[in-house]
Amino acid sequence: MTAPLKVWLDRDGRLLRLRLDRPPANIIDAAMIGALAGALDEHLGNDGLAAVVLDAEGPHFSFGASIEEHLPADCAAMLHALHGLVLNMSASPIPILVAVQGQCLGGGLEVALAGHLMFVAPDAKLGQPEIRVGVFAPAASCLLPERAPRVVAEAMLLSGQSIDGDAAVRHGIANEVAAAPSDAALKWFDDNLAPLSASSLRHAVRAARVGYTERLAENIARVETLYLDSLMATRDAVAGLEAFLDKRPANWEHR
């Protein structure tokens with residue numbers, strides 16, 4: 001099996017490039033989570049690194065997490081790994097610029113939200129559709145309300161509806177709409193971060209997120225417990241996941 005992630009250094013080693021590389025779906029499964037976590041662990045200690053650009057191969061950023069890994073036998077390990085990645089990205093002292101095209105759903109959007117800046121194609125579709133298969137999005141339940149107005153975040157989380165790139169910028173979820181979001185992220189790095197001291201930038205990133213990273217860690221721990229101990233004990237949560245895998249409508253019993 002080929003590696004799920006392309007990793008390379010750019011801009012004379014000042015920029016770490018990470019590219020999800022299992023198109024078209026770029027599923028955020030255990031292998032992808034492990035590859036992202038490993039790449040960040042390996043490179044974030046580089047004193048000269050000024051930023052990370054995370055993007056994806058193919059027409060879509062990510063269709064989301066693996067539904068199979070959401071089933072009761074695997075969901076605890078999957079959530080622990082995904083939430084560890086999200087928290088490490090959110091606490092990174094090096095800014096992470098995320099470029100999104102096409103579908104960016106579920107766990108894919110959770111990973112994107114964990115970065116610092118987001119650049120989106122106008123026709124990108126950002127959403128948390130988990131509720132439509134009987135579960136909810138733990139990390140996004142904490143991340144989205146930190147970026148978007150609560151009325152927007154809750155509408156997305158409770159309905160599973162997606163928004164496009166223009167709406168993502170309008171609501172404060174993304175920074176910029178661009179036809180080529182990866183190019184826009186690279187230009188933003190060149191114009192704004194490349195001229196700076198990497199050391200001073202690390203301190204500025206930490207200062208800008210004082211309180212946020214601690215609050216996020218506490219909230220994710222609480223919703224992970226709610227997911228594993230309460231949600232997954234319900235009949236409909238498991239039935240919804242199984243119906244999705246079987247490609248049939250779910251039969252809700254509301255319990």
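Let's start at Ser-62, which sits in the loop between β3 (51-56) and α2; helices (H or I, at least four residues) and strands (E, at least two) are DSSP runs, numbered from the N terminus. This is a predicted model, where local features need pLDDT of at least 70, side-chain atom pairs count only at pLDDT 80 or more, and totals for chains, interfaces and linings use all residues. Residues are numbered from 1 along each chain as its sequence is written, and side-chain values use heavy atoms, with hydrogens and water left out.

Is Ser-62 buried or exposed? Ser-62 counts as buried because its relative accessibility is 0%. Buried means under 20% relative accessible area, exposed over 50%, partly exposed in between (1.4 Å probe, protein chains only). Its side chain reaches the backbone oxygen of Asn-26 at 2.8 Å. Beyond four places in sequence, Ser-62 touches residues including Leu-20, Ile-28, Gln-103 and Gly-108. Contact means heavy atoms within 4.5 Å.

Next, the cores. A nonpolar core is a set of buried Ala, Val, Leu, Ile, Met, Phe, Trp, Tyr and Cys residues joined through side-chain atoms within 4.5 Å. The largest has 68 residues, and Val-100, Leu-126 and Ile-173 have the most contacts inside it. Helix α2 (residues 75-90) gives the most to this core, with 7 residues. A second, separate core has 15 residues, among them Ala-51 and Leu-186.

Last, a helix pair. The axes of α4 (residues 138-147) and α9 (residues 212-230) come within 8 Å and cross at roughly 145°. Axes are lines fitted to C-alpha atoms, for helices over the stretch in contact, with angles from 0 to 180 degrees between N-to-C directions. Cys-142 of α4 and Ile-220 of α9 are among the contact residues.

Key
A polar contact is a pair of N or O atoms within 3.5 Å; within protein, one must be able to donate a hydrogen and the other to accept it, and residues adjacent in sequence count only if both atoms are side-chain atoms.
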